[in-house]
Amino acid sequence: MINNCPYCKAEKFSLVTNEIRDSETSIIRRCMSCGLVFLDSNEGFISNIEQYYNESYTVDNSLICGEVISASENFDAVLKTKQQLLPALTKYLDPSFDILDVGCGTGSLLYLLKDYVKSCTGIEINREHADYAKAKVGCDIYTTSIEDLPKEQRFDAILLISVLEHMANPFKTVVELKNMLKPGGFLFIEIPNCNEALLDCLPGDAYRKFFYHKAHLYYFTEAFFGEFLSDCGYSYEVSSRQDYTLINFLNWWFLGKRQVSFEDAQCKTVLYDSEDDPFKKDMNNIFKHADLEFRKAMKKHRRGYILTFIAKMAD
């Protein structure tokens with residue numbers, strides 16, 4: 001068990017939950033000093049992260065519940081979900097940019113961005129996914145750590161999208177990335193939001209048990225992560241994004257479980273696949289509008305699943 005906070009080294013914690021979705025020997029704690037929320041586990045898998053992500057992760061966290069999918073199927077599913085991210089990201093990019101995507105998976109985001117920038121580079125610990133991304137995108141994909149990249153490489157934008165929470169020491173990574181940014185460069189960071197509305201605005205505790213799992217070693221609040229970036233010498237802007245649909249919210253509300261398909265949970269905003277009936281068409285329009293309002297409310301109150309930070313070196 002952990003005796004000191006992984007960030008501030010304090011010794012006093014509060015218990016967030018002792019029920020997580022894929023481990024009976026792990027608990028989630030919150031540091032009473034700095035507010036970091038972290039996984040405390042007896043399983044010892046942190047020392048075997050590379051093995052875990054190459055052998056178990058894609059099985060335990062399949063994008064289609066109960067199925068093992070190929071790298072190609074992963075790419076296709078994630079591609080559709082990443083398209084939702086493009087408006088928020090591409091406004092910061094320029095055709096002259098060299099970008100790095102840390103934890104690029106099968107390369108779906110790099111594939112979407114390659115026509116917006118000069119060059120793309122990726123890092124992916126899962127070798128099968130890295131090989132697929134390299135072939136699909138046609139760029140350099142490294143399976144080594146960030147520290148092992150060529151020392152002369154510098155980037156205009158470094159993307160860390162749903163990856164820092166998986167790292168054994170994300171704090172060290174964010175500090176070291178300062179040396180890999182070109183002048184004026186920035187980090188585009190997305191992390192799970194500890195203040196997400198679904199954690200305390202749904203009946204029962206099914207979602208809370210699902211939200212916390214052993215692949216996520218850390219969970220962040222806006223206050224904690226913003227202070228951390230400032231301490232590292234970054235200035236930043238922050239927003240919240242809801243990448244799951246209103247229908248997904250209702251699925252948790254009424255059924256208390258995830259949707260079978262990750263793609264549906266993020267992309268399907270209508271009830272009916274066919275609009276051969278005028279009533280079905282009207283209902284689909286109602287749900288499309290409601291989904292937009294749902295996401296607006298999540299963003300307004302910063303209660304979406306994702307916190308987005310744009311971090312630059314402070315002047």
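Is Cys34 buried, partly exposed or exposed? This is a predicted model, with local features needing pLDDT of at least 70, side-chain atom pairs counted only at pLDDT 80 or more, and totals for chains, interfaces and linings using all residues. Residues are numbered from 1 along each chain as its sequence is written, and side-chain values use heavy atoms, leaving out hydrogens and water.

On to the cysteines. Cys34 comes out partly exposed, at a relative accessible area of 22%; buried means under 20%, exposed over 50% and partly exposed in between (1.4 Å probe, protein chains only). Searching the whole structure turns up zero disulfides (pairs of cysteine sulfur atoms within 2.5 Å).

As for strands (DSSP runs of E, at least two residues; helices are runs of H or I, at least four, and both are numbered from the N terminus), four of them make an open antiparallel sheet ordered β1-β2-β3-β9. β1 (13–17) and β9 (218–219) are at the edges with a single partner strand each, so one side of each lacks a neighbour in the sheet. Pairing takes at least two DSSP bridges between two strands; β1 and the antiparallel β2 (residues 26–31) have four, and Ser14 is bridged to Arg30 in β2.

Finally, helix α10 (residues 246–255) includes Leu255, which counts as exposed at 54% relative accessibility.
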